[in-house]
Amino acid sequence: MSGHFPFSGKANRISVFAFFEAHNWSLEAQEKYFEEWYKWAKNYVMNDPDLKAAKGILFAGEHFGTHAGHDFHLHGYAVATRMLDLGELIKGSILPKLDHDMMHALEHDHEEWIAAANAVAASHPRAEVPEIGRYRHV
């Protein structure tokens, strides 16, 4: 597996959010990036008979992580939580099925998704980061 996807390795919502922060993405850009992954994963699952039978139900309703959609106690991590939920499915069920050429194509698509999210971020800049850190106790 590549290793540059935000859900690669031992990811959690903080590390996924750090990926978003490293790209300086606003909430709108994060949503765009998530939507690209969601469309790709849904298309792959629905076109693979085994995955469709086992995981297709996950794409029948709300998006992954929407239990966190109202941002309850997540303080800006709702999209990171959805990306992590979807990423766990991708990492565990889809990536092992990809051959070298398919993985290369995914990496190419991923670069395009990053560029698309960067374009959204250019028109919807990220809010200024507060001077006091998020977890610093006063």
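Begin by selecting Asn12 and Ile14: at the start of helix 1, a side-chain oxygen of Asn12 lies within 2.9 Å of the backbone nitrogen of Ile14. A polar contact here is a pair of N or O atoms within 3.5 Å; within protein, one must be able to donate a hydrogen and the other to accept it, and residues adjacent in sequence count only if both atoms are side-chain atoms. The model is predicted, so local features need pLDDT of at least 70 and side-chain atom pairs count only at pLDDT 80 or more, while totals for chains, interfaces and linings use all residues. Residues are numbered from 1 along each chain as its sequence is written, and side-chain values use heavy atoms, with hydrogens and water left out.

Next, display the whole chain. The chain holds five helices and zero strands, in the order α-α-α-α-α from the N terminus. Helices (H or I, at least four residues) and strands (E, at least two) are DSSP runs, numbered from the N terminus. Of the 138 residues in the chain, 39% are buried, that is, under 20% relative accessible area with a 1.4 Å probe, protein chains only.

Now select helix 1, residues 13-22. Its buried residues are Val16, Phe17, Phe19 and Phe20. Viewed down the axis of helix 1, they fall within an arc of 145° and so line one face of the helix; the arc is that of the directions from the helix axis to the C-beta atoms. These buried residues pack against helix 2 (27-46), helix 4 (78-94) and helix 5 (100-123). Just after helix 1, select Asn24, which takes a positive phi of about 60°.

Then show helix 2 together with helix 4. They pack at an angle of about 25°, with their axes 10 Å apart. Helix 2 is therefore roughly parallel to helix 4, a term for angles under 35 degrees. Axes are lines fitted to C-alpha atoms, for helices over the stretch in contact, and angles run from 0 to 180 degrees between N-to-C directions. To inspect the contact (heavy atoms within 4.5 Å), select residues including Phe34, Trp37 and Ala41 of helix 2 and Met83, Leu86 and Ile90 of helix 4.

Finally, select Tyr77, in the loop between helix 3 (49-55) and helix 4. Tyr77 is buried, with a relative accessible area of 4%.

Notes
Buried < 20%, exposed > 50% of the residue type's maximum accessible area, 1.4 Å probe, protein only. Parallel < 35°, antiparallel > 145°, perpendicular 65-115°, else oblique.
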